[in-house]
Amino acid sequence: MTRSRIVPLVAVATLISACGGGGSGGGGTSGPAWAAGVFQPADDFVAQCAHPRSGTDPFTGDPYPDRKGSALTENNWLRSWSNDLYLWYSEIVDRNPAQYTTPNYFDLLKTTATTASGQPKDRFHFTMATNDWEALAQSGVAPGYGATWAVIASEPPRQVVVAYTDPNTPATAAPVNLARGAEVLEVDGVDLVNDNTQNGIDALNEGLFPTQTGDAHTFTVQDAGSNTTRVVTMTSADVTSTPVQNVKTIATGSGAVGYMLFNDHLATAEQELIDAFTQLANAGVTDLVLDIRYNGGGYLDIASEVAFMIAGPARTAGKTFELTQFNSQHPSIDPVTGQTIVPLEFHSESLGLSAPAGQALPTLNLSRVYVLTGSGTCSASESIINSLQGVDVDVIQVGSTTCGKPYGFYPQDNCGTTYFSIEFQGVNQKGFGNYPDGFSPANTVGTAGAAVTGCSVADDFAHPLGDPLEGRLAAALAYRQAPACPAPTGFAPPGRAAETLAVPLDGVVHKSVWQQNRIMRR
Amino acid sequence: MRLCAVVCALALAGCRSDPPPDAQTDERPARIVDPSPDSRAALKAAVGAALHGADVTLADDALVGSSLLDIAPKLARDAHGNPIMGRDLGRPIQFELLRIGNACVIELRATGERWTLSHTQCVAE
């Protein structure tokens with residue numbers, strides 16, 4: 001029987017590819033002869049395209065720079081550009097660019113090394129059509145319902161539940177009233193759990209992950225704790241996410257504990273974070289539980305602000321939040337911007353992303369922080385953990401191993417394809433940034449990432465986020481009382497141990513499906 | 001980088017915009033009230049004009065809750081649902097809504113250029 005996997009959804013599979021995509025076919029024969037290890041400047045080949053664009057680039061207002069070239073000139077540009085900027089450029093096997101299509105050649109322009117856990121060292125090698133990459137939207141606005149799904153089981157019998165919702169969206173409006181833990185059983189009459197036909201899978205994809213507004217779909221759901229099902233209809237809309245939610249104070253016998261759910265490093269998060277930390281500071285909390293289990297990152301400046309608001313000026317003044325390091329050919333100058341590389345500080349004032357610029361940020365002045373993590377805790381979120389450890393704030397991690405992405409890149413267009421190739425790594429005040437397998441709570445079973453004090457705890461969809469009874473929050477609160485963990489149940493490392501250790505999965509959380517691969521496929 | 005490309009290009013090109021209202025008139029950050037299809041269309045057109053005619057997705061309540069409007073690339077995600085640009089060193093394109101006299105005007109903050117919004121009511125913050 002063909003098994004149908006729930007993986008990223010829908011009809012935008014062509015928009016982004018982790019294995020090439022876009023570009024031109026055929027290596028061609030025009031251009032300089034390949035000599036292994038000899039590289040001309042990338043500028044010698046830039047914008048020499050097999051299929052040049054004409055007219056004006058709507059993103060810049062300037063004419064496209066393209067002129068007639070070939071697949072070979074595009075490949076030669078990729079080869080020289082990668083040799084210059086790729087973080088692990090010396091690990092690329094130099095191959096004759098005339099022998100490959102452009103998408104296939106780009107796929108090969110990366111390291112084949114693996115991490116300690118056996119994962120590929122480079123899991124972040126992408127391309128996207130430039131027109132799609134340059135599409136713009138209001139910060140945090142995307143088509144959907146306002147319900148973020150967690151795909152817990154990707155194959156029949158599938159399981160999809162609500163991970164969280166955003167307020168003032170179709171998902172939370174009466175009578176829909178979806179909430180965390182609600183399980184989706186049918187979409188437009190198609191059995192989500194068992195249907196294994198392509199038509200059924202297509203219908204599930206279209207219903208769960210709309211790519212446009214105005215699409216109405218029906219869902220049979222079973223709310224958390226309920227024994228009955230109900231049918232709700234939602235119409236997709238351009239919904240605005242609320243990146244900071246559930247800010248609250250939890251009274252304990254040993255002082256007030258603050259909690260907040262922080263889901264995205266969006267520009268709009270700046271004001272919400274300031275409001276949240278102000279609220280908790282005014283409440284006199286003595287500890288903080290920062291819930292970033294679904295936070296895949298975003299603006300690094302936001303992460304710096306968060307770290308400051310946790311640790312305060314005494315611990316962070318003059319210290320590095322994160323230093324960007326490029327390959328050994330560029331030790332002091334950012335090769336893309338041409339600017340001198342300087343450490344990113346812990347921002348003590350607002351930057352004007354959504355709050356007025358230049359205002360002193362509130363702070364809790366904490367010497368320790370509890371972070372709730374999952375496999376979706378990634379990039380800038382991991383920077384919060386790493387930067388705080390760099391200034392000796394005790395970070396106690398409760399949850400699952402994080403994604404392991406201490407890397408970044410500057411997207412680069414050439415001939416209508418935008419390339420994402422790892423160019424830099426972020427390190428903290430102590431020079432540490434080696435966590436390609438993520439951060440793992442210390443008692444994690446199996447191969448793990450960089451160990452952090454704390455407890456491996458699976459996600460708990462049976463309780464609301466911020467509920468002291470929710471598994472991860474409960475474990476953090478208990479650890480605060482006495483440093484002990486329940487039996488480890490978290491997921492680690494991403495993509496491997498869960499299948500062999502028979503531990504519960506976090507589920508893969510899917511937010512907006514813009515430029516994302518299909519969730520479900522055969 | 002590409003946001004910089006837009007902003008820098010605007011700065012160099014000097015896009016056409018409505019003449020600024022009387023400089024002596026008081027101007028204050030503002031929010032849109034009672035948004036309508038016409039006001040939404042006016043805002044979308046003004047933002048698009050500022051960004052070389054780009055078709056920008058806006059929320060129906062854009063500039064209703066805040067005088068600041070942040071525009072960014074649509075959040076592209078990888079197959080695991082995480083943002084591709086999870087460690088983004090850039091900044092969004094930012095507009096601010098101003099009430100100048102009786103007019104509602106959006107300003108592209110990077111360049112200071114302004115566009116007057118038709119069919120739009122706003123109140124000072």
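## A strand pair across the two chains

Let's start with one residue pair: Tyr299(A) has Asp88(B), in strand 3 of chain B, as its bridge partner. Keep in mind that this is a predicted model.

## The wider interface

Zooming out, 53 residues of chain A are in contact with 38 residues of chain B. On the chain A side, strand 18 (298–299) is one of the elements giving two or more residues, and others include strand 5 (126–129), strand 6 (136–138), strand 7 (141–144), helix 8 (380–390) and strand 30 (508–510).

What sort of residues does chain A put there? The side touching chain B splits into 28 nonpolar, 20 polar and 5 charged.

## Chain B itself

Chain B carries 2 helices and 7 strands. Read from the N terminus, its elements go α-β-α-β-β-β-β-β-β.

Of the 125 residues in chain B, 46% are buried. Looking at chain B contacts between residues at least 6 apart in sequence, 68% link residues at least 24 apart.

## An open sheet in chain A

Back in chain A, 4 strands line up as an open antiparallel sheet in the order 20-19-26-23. Strand 20 (344–345) and strand 23 (407–408) sit at the edges with a single partner strand each, so one side of each has no neighbour in the sheet.

Inside that order, strand 19 (residues 320–325) and strand 26 (residues 424–427) of chain A run antiparallel and are joined by 3 bridges. Gln325(A) pairs up with Gln425(A) of strand 26 as its bridge partner.

Terms used
Residues numbered from 1 in each chain as written. Chains lettered and ligands numbered in written order. Predicted model: local features only at pLDDT ≥ 70, side-chain atom pairs only at ≥ 80, totals over all residues. Contact = placed C-beta atoms within 7 Å. Nonpolar A, V, L, I, M, F, W, Y, C, P; charged D, E, K, R; others polar. Pairing = 2+ DSSP bridges. Buried ≥ 20, exposed ≤ 12 C-beta atoms within 10 Å, placed from the backbone.
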